[in-house]
Structures are given as structure tokens and as C-alpha cells.
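Let's take a look at the pockets in this one. Where are they, and what lines them?

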Amino acid sequence: MQGSRSVVARTLTLELARVTERAAIAAAALRGQGNEKAADQAAVDAMRAELNALPIDGTVVIGEGERDRAPMLFIGERLGSGGGPRVDLAVDPLEGTTLCAKDMPGAIAIMAMAERGSLLAAPDVYMQKIAIGPGYPPGLVDLDASPADNIAALARAKGVPTSQIVAIVLDRPRHGDLVAAIRATGAGVRLISDGDIAGIIFTNSPDETGVDIYLGIGAAPEGVIAAGALRCIGGQMQGRLILDTLEKRRRAQDMGIGDPNRKYELTDLARGDVTVAATGVTDGALLRGVRFKPGVIETETVVYRSATGTVRRILGEHRRAERNAD
């Protein structure tokens, strides 16, 4: 097992960057064209092709679908050339399909990789989430506490009034009461149209992003990927799957989830040695988008690794004539 850790960390870190770069470039070619499905399919096809070229025995545990139907990278799909380390893969080839289709800020291509059995295999349902950055006592905030209690606890720990706390929330009708409850404390709310993986990552560095806490309901696959990122860079997170129908509970049970009401801690969602790579598709606060220039395509990628706490930023220049050989 130690040997597989070494291979994952040292050999595949740059390769993961290459995977998200290719997905981002493919999606960026369709920026602003208003076709979400085409952009998503382009990113999926590029990511699948690059992953299949890697020397891994990979299984998708977090993907874009639960059955084998194009163009999704589906849960349970086997990827890689085989013969390498056995790994879990959590993929989101285009986080923010609407953002890409409208050429709005914040679309990224992102994926996580960990040793087999390290990432929660969750169905494609919604998840209730809460996240804060590092440096706070364990259990400072809690998914079952009220927004007011969580905001107050965070403000006390930070040594500031609640008016200096900012929560990031997906701009959805379902969050109307949540937004009102947050604002009633005096805290600010930053609403985002899409991209809650980046929203959770923003809590890691509030001095730079202005975001202290993530609250609300988003997709479960994105929750697991975001947890993988926080395992690398620090922070706290809890999540609970929303299994509000018999069909969803059955799907979850088929994937090994016995307690439909379980509250997952960060290390329940992602544990062990996790590596996360993300490449910007459109310009955003996290990453610069793809630049198409005469003869050159420029990308910006960030790669996180939990075992070392390493954050690598990679500025790539892809010579168009040499792309197939890269």
C-alpha cells in the first residue's frame, strides 16, 4: 500500500493537472454559445480520454450519473489503462455548465483522486452542507444548529461582531428562508448562481475571499469533491444526503448507505491521501479561465494534496501543434 501512495503522489499529480486542463480547454471552446449540454459533453469526453490514458485502475465513485449513458462519466465506470494503483475518482468535468454557456465567471473542471475506498460513494442527489475554514475548534459549527447559532459561534471564535461574518449561499428559491435567517443576525450573504465547490473552497481563506462560512443545499457529488479539497487545504465540513423519496433511499442503500439520515463529517466524505486538481474554464476568483492565443492555449490549474498540505499552481502553455503529443 505504501508503494501505491508513492505512485499516486509523485507520478500522478501532474497527470491529474493534465486531465483537468484538457477538460477545461474542451469546454472553453464552447464558452458563451448558450449550449450547456454541448460544453458538458466536450468536457466529459476530454476528461474520459485523458483518464483512460493514465496508468491507474480507477473507479468513478462520484460522477455525473449513476448508469452508463452518454455523455456522462457514470458512477461505477472503470477508467485507466490498468496495472497501476487502485483509486477512487470523483469527477466534475464542468462545474458550472450554465456559467460556461453564458461565459460568466467561475466555471472550472475539477476532479479528486484517492486510494480505493477513501471517497464516499454517494448517489446523485442533493446534500445539506456547512463548511468553514481552518483554525477553529473542532465542532464549532454544526449542520443541526440554526443559522443564527452557527453565525454567532463563528463570530465569537473569530472575535468579530456578526455583521463582519459573510456566508456564501447558492442563489436558489429553496434558500429563501436560510438567507433571511442569516441576514437577521446582521451577517452578510454572498449569493452565487452556480459553483458551490469553489464556494466551499473560498471558506479556507476568508481574508482573501471575504467568505467565512458556506451554508445550504447543493449537489452531493460536488459536496464530496469539495470535502476532498478541504482535506487538502484545511477546514471543517459536514454534510447530510437528502433522501426524501423511497426511490432515492433505495439508490443510496444499493450504494452501501445504511443510515439515510447520517450526518457525515469531513473525514467521512473524504479520507486518506487525497489529491484534487482544478483548471479554470472561465475567469473567476479561484482560477483564471482558458486563454486562446495564436498558436498557444494558456491554462491555470491548482493541485491540492492532503498528505503534505501542498498547493501547486500551474500555468500551462499548450502549443496547438503539439497538443496531441503533450
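This is a predicted model: local features need pLDDT of at least 70, side-chain atom pairs count only at pLDDT 80 or more; totals for chains, interfaces and linings use all residues.

| Pocket | Volume | Lining residues | Nonpolar | Polar | Charged |
|---|---|---|---|---|---|
| Largest pocket | about 710 Å³ | 29 residues | 10 nonpolar | seven polar | 12 charged |
| Second largest pocket | about 260 Å³ | 19 residues | 10 nonpolar | seven polar | two charged |

**The largest pocket**

Which residues lie nearest the centre of the largest pocket? They are Asp-92, Glu-95, Thr-97, Ala-219 and Glu-222, out of a lining of 29 residues. Two or more lining residues come from each of α2 (36-52), β3 (86-95), α3 (97-101), β8 (213-219) and α8 (220-233). Of the elements, α2 gives the largest share, with five residues.

Moving on, the second largest pocket holds about 260 Å³ of space. Around its centre, the nearest of the 19 lining residues are Pro-105, Gly-106, Ile-192, Phe-202 and Ala-285. Here the elements that supply two or more lining residues are β7 (188-192) and α6 (196-202). What is the largest share of this lining, and which element does it come from? It is three residues, and they come from α6. The lining of the second largest pocket has two charged residues, with 10 nonpolar and seven polar making up the others.

Methods
Residues are numbered from 1 along each chain as its sequence is written. Side-chain values use heavy atoms; hydrogens and water are left out. On a 1 Å grid over the protein atoms alone, a cavity is a set of points where a 1.4 Å probe fits but cannot get out, and a pocket is an open set with protein on both sides within 12 Å along at least five of seven lines; lining residues have an atom within 4 Å of a point. Grid points are joined across faces, edges and corners, and a volume is the space filled by probe spheres set on the points. Helices (H or I, at least four residues) and strands (E, at least two) are DSSP runs, numbered from the N terminus. Ala, Val, Leu, Ile, Met, Phe, Trp, Tyr, Cys and Pro count as nonpolar, Asp, Glu, Lys and Arg as charged, and the others, Gly among them, as polar.
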